[in-house]
Amino acid sequence: MSTSFIKTDKYIRLICILRDKFNGLGNKIYSALVYGSCSRFEIFSIYSDVDLLCIIKEDVLKSETVNELHQIVHECTKTYKIKIHLRIRNITDLFQGSSGYLDCGFTSSINKLRDGILIHGASLDNLYLEYIHN
């Protein structure tokens, strides 16, 4: 594995395209957050991916919305040749913590608070801080 950063501009363009496409979905998404190595600009190889968390405003995940997000990710992956690890949760999970607080747990919550980049919607920072505090 290479020890130098590579093609970060390609990753930045991909994230900007994701942001624009999410803006085009109207108010379906409560929040979209890029986190992990990409958000820290620790892109060391062609195998680096983009970790993406989308919180949907609906109380129940609808297949239409999930399909729209998967289509956006598929198109971007095909165009940019960068793997996107997409997690989709609904707003109920966000406020009730029914997915292990967005299926991430304590340590991952700290990492998302520290490294997460909001690309669409509302910030999750206060919710992560409250979860960590409690």
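In this predicted model, four strands form an open sheet with mixed pairing, and their order is 3-2-1-4. Strand 3 (84–90) and strand 4 (117–121) sit at the edges with a single partner strand each, so one side of each has no neighbour in the sheet. On average, and ignoring direction, neighbouring strands here are turned by 15 degrees against each other.

Look next at strand 1 (residues 29–35) and strand 2 (residues 50–56): they pair in the antiparallel sense, over 6 bridges. Within that pairing, L33 stands opposite L53 in strand 2.

Now for the helices on the sheet. Helix 1 packs on it and touches strand 1, strand 2, strand 3 and strand 4. Helix 2, for its part, lies across strand 1, strand 2 and strand 3. Here are the angles that go with these helices:

| Pair | Angle |
|---|---|
| Helix 1 and strand 4 | about 25 degrees |
| Helix 2 and strand 3 | about 165 degrees |
| Helix 1 and helix 2 | about 155 degrees |

The two helices also pack against each other. The crossing of helix 1 and helix 2 is right-handed.

Who does the touching? From helix 1 come K10, R13, L14, I17, L18, K21 and F22, while helix 2 brings L69, I72, E75, C76 and Y80. Sorted by type, the residues of this contact between helix 1 and helix 2 are 8 nonpolar, no polar and 4 charged.

Conventions: Residues numbered from 1 in each chain as written. Predicted model: local features only at pLDDT ≥ 70, side-chain atom pairs only at ≥ 80, totals over all residues. Heavy atoms only, no water. Axes fitted to C-alpha atoms, helices over the stretch in contact; angles between N-to-C directions. Left-handed = near helix turned anticlockwise from the far one by under 90°. Contact = heavy atoms within 4.5 Å. Nonpolar A, V, L, I, M, F, W, Y, C, P; charged D, E, K, R; others polar. Pairing = 2+ DSSP bridges.
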